[in-house]
Number of protein chains: 2
Amino acid sequence: EKIKIQKPRWAVRASEMSKKTFNPIRAIVDNMTAIPNPDKPMIALSIGDPTVFGNLPTDNEVVKAMKEAIDSKKYNGYAPSIGYLSSREVVAKYYTCPEAPLEAKDVILTSGCSQAIELALAVLANPGQNILVPRPGFSLYKTLALSLGIEVKLYNLLPEKSWEIDLRHMESLVDNKTACIIINNPSNPCGSVFSRKHLQKILSVASRQCVPILTDEIYGDMVFEEGAFQALAPLSNNIPILSCGGLAKRWLVPGWRLGWILIHDRKEIFGKEIREGLMRLSQRILGPCTIVQGALDHIMNKTPQEFYDNTISFTKSNADLCYTTLSSVPGLCPVRPAGAMYLMVGIEMEYFPEFESDVDFIERMISEQSVFCLPATCFEYPNYFRIVLTVPEEMMIEACRRIREYCECHYQGAESTQDLECDK
Amino acid sequence: EKIKIQKPRWAVRASEMSKKTFNPIRAIVDNMTAIPNPDKPMIALSIGDPTVFGNLPTDNEVVKAMKEAIDSKKYNGYAPSIGYLSSREVVAKYYTCPEAPLEAKDVILTSGCSQAIELALAVLANPGQNILVPRPGFSLYKTLALSLGIEVKLYNLLPEKSWEIDLRHMESLVDNKTACIIINNPSNPCGSVFSRKHLQKILSVASRQCVPILTDEIYGDMVFEEGAFQALAPLSNNIPILSCGGLAKRWLVPGWRLGWILIHDRKEIFGKEIREGLMRLSQRILGPCTIVQGALDHIMNKTPQEFYDNTISFTKSNADLCYTTLSSVPGLCPVRPAGAMYLMVGIEMEYFPEFESDVDFIERMISEQSVFCLPATCFEYPNYFRIVLTVPEEMMIEACRRIREYCECHYQGAESTQDLECDK
Ligand SMILES: Cc1ncc(COP(=O)(O)O)c(C=O)c1O
Ligand SMILES: Cc1ncc(COP(=O)(O)O)c(C=O)c1O
């Protein structure tokens, strides 16, 4: 018998995991080839970054906190991989309440809320298990789940009920491989805020089905009506909950990459195992930037209430403006938001026969009006588009004006086509 | 037929992945129960963080760079997940050279060198494949590989050859499932620095076997002899190389979590696939803190040469002191380091029959002398221990004095037992 020795050859392939890791927004947006109308300056209502136009700077106290942390020279070395004890204490104190007490040991600091979600999913689910994810919903959930080999089951949100969860649908998706339910409140992309009552019903499902919850509360407290935000964990004393959040949105510093997981486990159902699992996983990349960690106390405790109020009243004012304007646009059905920084607009596609899809609708809107919103196909929800509400007011007004013009031009409703002016 | 409906019960388990994610140093250190001698203040020569004792602060320009980045208010929003184009340009310009040209597109910014290694492994290897890792070596390689389901094969470094690689051994480990070879130069824990010639031989192995290289050069340029550091990539124009680095060690800010991958692929063997894979993987947690990214230009281009020189001459002076002192200690065989910030010391275990292992040896050293070094079992290399060289000089001197006392006390060499004083 002869052994044939093959000369090795180069054959470097990207891993399966890297191929499964996939941001649907990028895929959709990168495929949109529309060229903006050169006669109209581009207005991007697409970017979920409230800082891009400079109209919503972070607070001076936040800036001061960072400079003090740098000057102290105390925060240059390695922190524990789950964060400094003192910084975890700050977060625990900020979010603790009698119904859901938190201590430093219940807090894990992460590189943004994104990594909080990544660690939470990585500790709760094995490849082959599934998680329940809202539709429409933030695309990262699916990106991370598929990257980890976890199956995604989408439960419906109901636009006609201010995007409440179709609880029966959600419960019907639970099976013995369901590792957790993801709740996102306030919601990206809906701008919806769940009532206490609805949250209690969600908890009932989890309790009945014995499924833990990952709640993404990165927009927590960012609600238009005072007191309308209710965190999920304080409403339950038996469901194990990982609550993910961060500085990104409320403190208007998404680039700083500081997030957290709050572990709520009053019945010790997660137990030591999940806590230790999270700690072990955090050792892979060793936590968020120590300067931001060092600044946390100052950031969370000295930022004036006025700052938070201003962000909200600004966003609410744009929300009102946008909702009111688009409500009277033929063929559009905006859904009034109650928080976060987004508004979803339904497209009555039957009145726009020219367009095959929301993606199509948006592409033409770019080329004719230079207004760019994300088609909600990005959020697994065709025939809607999402508007970001944190842009400067003039931009919001002009964008709404152009969206109206665009729709009036292309609307082909039975009764009203004749009445509408269209210069195309 | 009757369907029996089982009432669900709580059964939340930590994922397999979280169980496979495992830092051996933690496991070993946490199991060491020794209580330091209360009569002697503790000296920790164990922590690979050059900032802990305050004797090696970062440069003022680095501090200034950060404050300017904060004041500019330009770096609060999201950056692209692989980093700002301008920041990637800075890194590319800093490390480019005619033999290995780099542009911004070849740079990926990460949350520390740890995440650089994580992404590099995640894109190159599938579960079930293997990687070659140095022994002794930095424990994170194995932690990350096992977490990803990648097998680890350890190739030997040779203490008697200043920790050069046993190339024959390394090559013998390559099989058709080998996804990459990890090279770490300068080395943690060895403090060794490979010559150009040795690097060329390493490249020959990779070339013959057609295996890409992940080189961890986080201690790049941190060498005692001027010009002694040679980066790997410029020596090859055909091997695909991912070179990982970061600010942590050379700029003395490990907590800031800024690292990078430099993609060297002049023969396009990685091709679009690996580049795109890295980009997709980076979208999971969205890159390092934007303030540090914004400060990069200033940090890399305005930090005075003197700062780097000072760190090196300080470390070298401690290295000389430590090496010289321990060379004359009975039963110890220090290996002279040439860079990084570590020194490995062999223990002639046969002369210390009281101790079963390096871990044992170190535990007793803690309880008798309050000196803590890492047993090299942490690096898969029993019968050695690692000394961190960046501690204040007085501490280094006192630690060496105590280590001598400890060894003289426990040494049971044939000829010399009688001569040695021992007060125990
Ligand atoms: C619902 C939701 N969760 C999480 C994130 C990610 O937050 P971070 O930037 O802190 O990673 C976002 C960002 O847009 C978001 O909209
Ligand atoms: C060889 C080596 N590589 C990588 C790292 C991790 O670097 P970072 O802190 O930038 O993640 C270390 C840290 O000690 C190291 O010694």
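Colleague: Where does ligand 1 lie?

Modeller: In this predicted model, ligand 1 is placed between chains A and B.

Colleague: How many residues surround ligand 1, and which are the closest?

Modeller: There are 15 residues around ligand 1. The closest are Cys113(A), Ser114(A), Asp216(A) and Tyr219(A), together with Tyr78(B) from the other chain.

Colleague: Which element gives the largest share of the shell?

Modeller: That is helix α5 of chain A, residues 112-124, which supplies 4 residues of the shell around ligand 1.

Colleague: And how does the shell divide into nonpolar, polar and charged residues?

Modeller: The shell of ligand 1 has 8 nonpolar residues, 4 polar ones and 3 charged ones.

Colleague: What lies 2.6 Å from an oxygen atom of ligand 1?

Modeller: A polar side-chain atom of Ser114(A) is found at that distance. For Cys113(A), a backbone N or O atom lies 2.7 Å from an oxygen atom of the ligand. Arg257(A) also places a polar side-chain atom 2.8 Å from an oxygen atom of ligand 1.

Colleague: How much of ligand 1 does the protein bury?

Modeller: Ligand 1 exposes 400 Å² when taken alone, and the protein buries 97% of that. The space that ligand 1 takes is the second largest pocket.

Colleague: Changing topic to the sheets: what is the order of the 8 strands in the open sheet of chain B?

Modeller: The order is β2-β9-β8-β7-β6-β3-β4-β5 in chain B, and the pairing is mixed. The edges are formed by β2 (107-110) and β5 (164-165) of chain B; each has a single partner strand, so one side of each is left without a neighbour in the sheet.

Colleague: Do take one pair from it. How do β7 and β8 of chain B run, parallel or antiparallel?

Modeller: Strands β7 (residues 213-216) and β8 (residues 241-246) of chain B run parallel and are joined by 4 bridges. Within this pair, Thr215(B) is opposite Ser243(B) in β8(B).

Colleague: How many bridges join β11 to β14 in chain B?

Modeller: There are 5 bridges between β11 (residues 342-347) and β14 (residues 384-388) of chain B, and the two strands run antiparallel. Leu343(B) has Ile387(B) in β14(B) as its bridge partner.

How values were computed: Residues are numbered from 1 along each chain as its sequence is written. Chains are lettered from A and ligands numbered from 1 in the order in which they are written. This is a predicted model: local features need pLDDT of at least 70, side-chain atom pairs count only at pLDDT 80 or more; totals for chains, interfaces and linings use all residues. Side-chain values use heavy atoms; hydrogens and water are left out. A residue is near a molecule or strand if one of its heavy atoms lies within 4 Å of it. A polar contact is a pair of N or O atoms within 3.5 Å; within protein, one must be able to donate a hydrogen and the other to accept it, and residues adjacent in sequence count only if both atoms are side-chain atoms. Accessible areas come from the Shrake-Rupley method with a 1.4 Å probe; for residues, only the protein chains shown count as cover. On a 1 Å grid over the protein atoms alone, a cavity is a set of points where a 1.4 Å probe fits but cannot get out, and a pocket is an open set with protein on both sides within 12 Å along at least five of seven lines; lining residues have an atom within 4 Å of a point. A molecule sits in a cavity or pocket if more than half of its atoms lie within 2 Å of its grid points. Ala, Val, Leu, Ile, Met, Phe, Trp, Tyr, Cys and Pro count as nonpolar, Asp, Glu, Lys and Arg as charged, and the others, Gly among them, as polar. Two strands pair if DSSP finds at least two bridges between them.
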